[in-house]
Structure formats: structure tokens, C-alpha cells
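Please read the points alongside the coordinates.

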Amino acid sequence: LCWIGGWGGWGVFFFFNDTATTEIYTLSLHDALLISPVLPEYERSGRAEIPADVRFAHALGEIDGVLKSNSLDAWRLSVDRGFRWFEVDLATTSDSVVVCFHEDHGHDIGLETAIGEITVADFLERRFAGRLELMRFSRLLEEMVLHPETFLITDTKRLSPEILASIVREVDAVDPALRRRIVVQIYHRDELAFVLNSEARG
């Protein structure tokens, strides 16, 4: 997996087939679809690589047998277990707030509509599996500030300029230095263009 750019210090952008079904999975170089047209340029730039066979806490990790909660409880337990790399699912509420949540798990929080149709206040009042605390993306970023040894991969299921702008805005509002510890996942080659354009704009 290659460090292939970032807006003024962002981490890695890579193609990844996210087929994990458990809370912990291992990424090696074989899991990335290398972007060969740009890869040599970034190799020459001396950027680092994600170490091979890094273990990630998927959806912030398992807790008490519950998977994919993206919850504050799961994050804190995974940190205590020694995880340093995390993957988080992100979604947007009706009032345009980025939250840590997988869109396919509405039933786990008693949601009968799409996450994009409820407010962040409504979202935060709910509990995953009846007991796990949900959180805004900004809350997770604040937790990362408290744990400078941690790194994060975002999974938005698709990446658009609007989603990218929301992530940038949230990160910069908490601490721009977090850019170097966040991996923004891209899913198609055409998404690379606006990521690099964002880098050029600064």
C-alpha cells in the first residue's frame, strides 16, 4: 500500500476491496489495487508505505461479540487491546453532520429510515445494539488527538467532492495535524483526480 499523496500532509489514498466480515482483518500489499500510472512518481518521492500485514480494527472493532458498531465503546476497547490502525464507516445526517455509522445497520439502532433522513441529535440519542454509544466523526477525531499513536481509514462507500470536503472540514476544525494520520479510501480511479486536485488547492 502506497503513500500516494494528500492535501498538504494527508496520509494515504488507495483502492481497497473491503470484503471483511469480522472486526479484525489484515491488509497486505495484495489487498490493494495499485494505481500503476501514478505509483512510480510517488515511490520516487520517498513517501512511506503502510507496513505489510498491519492489523486493523474493522468498524472500530468488536465489543462483547458485537461487530460493526463504529461506536465510542468499541474504539476505546480496541485502543486498550493495543490496536493502532482503525477503519471507520462514515455517513451523513439530514443536517449534514458526519457520523460514525454504517448505512446498512439502521436496524441495530432502531432506525426505520435512512440515516440521511434523521438529525444528528436523533442519531446520538440512539444506541447500537441497545447499549453502545454512537458518535459524530468529530468526536472520534478528538479521541485520536488523545491517542497520537493511532491511525484511521475512512470508509464512505463512495467518495465525492462533497464528502471529501466534509471530511476535510471536520478534521481541520479539530486538529489539522490529524491529516497525516488519516487514510481516505477511494473506490474508483476517477475519484483520484478530485483528490489530487484538492491537494493542489491546498
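1. In this predicted model, the side chains of H102 and K157 form a polar contact of 3.3 Å. Beyond the four places on either side of H102 in sequence, the residues in contact with H102 are N70, D89 and K157.

2. H102 is located in the loop that runs between β5 (98-100) and α3 (120-125). Is H102 buried or exposed? The relative accessible area of H102 is 12%, and H102 is buried because this value is under the 20% limit. The C-alpha atoms of H102 and K68 are 7.5 Å apart, although 34 residues separate H102 and K68 in sequence.

3. T93 is placed in the loop between β4 and β5, and T93 counts as buried because its relative accessibility of 4% is under 20%. The side chain of T93 makes a polar contact of 2.6 Å with the side chain of D95. With residues up to four places away in sequence left out, T93 touches V99, I115, G116, I118, T119 and V120.

4. The largest pocket has a volume of about 150 Å³. Its lining includes L90, A91 and T92, together with I163, S166 and I167. Two or more lining residues come from each of β4 (85-92) and α5 (161-174). By class, the lining comprises six nonpolar, four polar and two charged residues. I115 and G116, which T93 touches, are also among the lining residues of this pocket.

5. Which residues of helix α4 (residues 137-146) are buried? They are F137, S138, L140, L141, E143 and M144. Residues three or four places apart on an α-helix point the same way, because such a helix has 3.6 residues a turn. The cover over the buried residues of α4 includes the helices α2 (72-80) and α5, as well as the strands β4, β5, β8 (151-155) and β9 (182-186).

6. For the chain as a whole, the secondary structure amounts to six helices and nine strands. Of the 202 residues, 52% are buried. Among contacts between residues at least 6 apart in sequence, 69% join residues at least 24 apart. The chain exposes about 9,400 Å², of which carbon and sulfur atoms supply 49%.

Terms used. Residues are numbered from 1 along each chain as its sequence is written. This is a predicted model: local features need pLDDT of at least 70, side-chain atom pairs count only at pLDDT 80 or more; totals for chains, interfaces and linings use all residues. Side-chain values use heavy atoms; hydrogens and water are left out. Helices (H or I, at least four residues) and strands (E, at least two) are DSSP runs, numbered from the N terminus. Buried means under 20% relative accessible area, exposed over 50%, partly exposed in between (1.4 Å probe, protein chains only). Contact means heavy atoms within 4.5 Å. A polar contact is a pair of N or O atoms within 3.5 Å; within protein, one must be able to donate a hydrogen and the other to accept it, and residues adjacent in sequence count only if both atoms are side-chain atoms. On a 1 Å grid over the protein atoms alone, a cavity is a set of points where a 1.4 Å probe fits but cannot get out, and a pocket is an open set with protein on both sides within 12 Å along at least five of seven lines; lining residues have an atom within 4 Å of a point. Grid points are joined across faces, edges and corners, and a volume is the space filled by probe spheres set on the points. Ala, Val, Leu, Ile, Met, Phe, Trp, Tyr, Cys and Pro count as nonpolar, Asp, Glu, Lys and Arg as charged, and the others, Gly among them, as polar. Accessible areas come from the Shrake-Rupley method with a 1.4 Å probe; for residues, only the protein chains shown count as cover.
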